[in-house]
Amino acid sequence: MTDLLPMPQTNSLDFQSIQQDMQSPRDLAPVIQAYEIWDARYCELTPRPFLCRKCILADQQFVRILTFESDGRPVRKYACKAFDHPYLY
């Protein structure tokens, strides 16, 4: 039987420096999440069906906007927003 090669030297992980490099939610810009609903009859699937219907009838997109409190808690708001990229069939 042959001798095993020695294990290579590896540095231990420095978790504090990794955590400092990570971005926390409160450092992020607001996130806009578009609902892919193009027919007002399906607005019942959203948290704000009446607003969703209003958006679609105004040829806008129903979106959820996530912002973050100073402690990292998300705040959800809903709005109508003009299409960034018009939907194509």
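Predicted model: local features only at pLDDT ≥ 70, side-chain atom pairs only at ≥ 80, totals over all residues.
View 1. Of the 89 residues in the protein chain, 18% are buried. You can pick out two helices and three strands, and from the N terminus on they follow the order α-β-α-β-β. How many of the contacts between residues at least 6 apart in sequence join residues at least 24 apart? In the protein chain, the share is 45%.

**View 2. The three-stranded sheet.** Here three strands form an open sheet in the order S1-S2-S3, with antiparallel pairing. Strand S1 (31-34) and S3 stand at the edges, and each has a single partner strand, so one side of each is left without a neighbour in the sheet. Neighbouring strands of this sheet are turned by 25° against each other on average, direction ignored. As a reminder, strands of a sheet pair through backbone hydrogen bonds, either parallel or antiparallel.

**View 3. How the strands are joined.** S1 and S2 run antiparallel and are joined by four bridges. To find a bridge between them, look for Ile32, whose bridge partner in S2 is Ile65. S2 and strand S3 (residues 74-81) also run antiparallel, with eight bridges between them. Five residues lie between the strands in the hairpin of S2 and S3, where Gly72 takes a positive phi near 95°.

**View 4. Cys55 in helix H2.** Cys55 has its place in helix H2 (residues 49-57). The helix lies across S2 and S3, running at about 35° to S3. Is Cys55 buried or exposed? Cys55 counts as buried because its relative accessibility is 0%. Leaving aside neighbours within four places in sequence, Cys55 is in contact with Gln60, Gln61, Phe62, Ala79 and Cys80.

View 5. Gln61 lies in strand S2 (residues 61-68). Why does Gln61 count as buried? Its relative accessibility is 11%, and buried means under 20%. Leaving aside neighbours within four places in sequence, Gln61 is in contact with residues including Ala34, Tyr35, Glu36 and Trp38. Cys55, Ala79, Cys80, Lys81 and Phe83 are also among the contacts of Gln61.

Methods
Residues numbered from 1 in each chain as written. Heavy atoms only, no water. Buried < 20%, exposed > 50% of the residue type's maximum accessible area, 1.4 Å probe, protein only. Contact = heavy atoms within 4.5 Å. Pairing = 2+ DSSP bridges. Axes fitted to C-alpha atoms, helices over the stretch in contact; angles between N-to-C directions.
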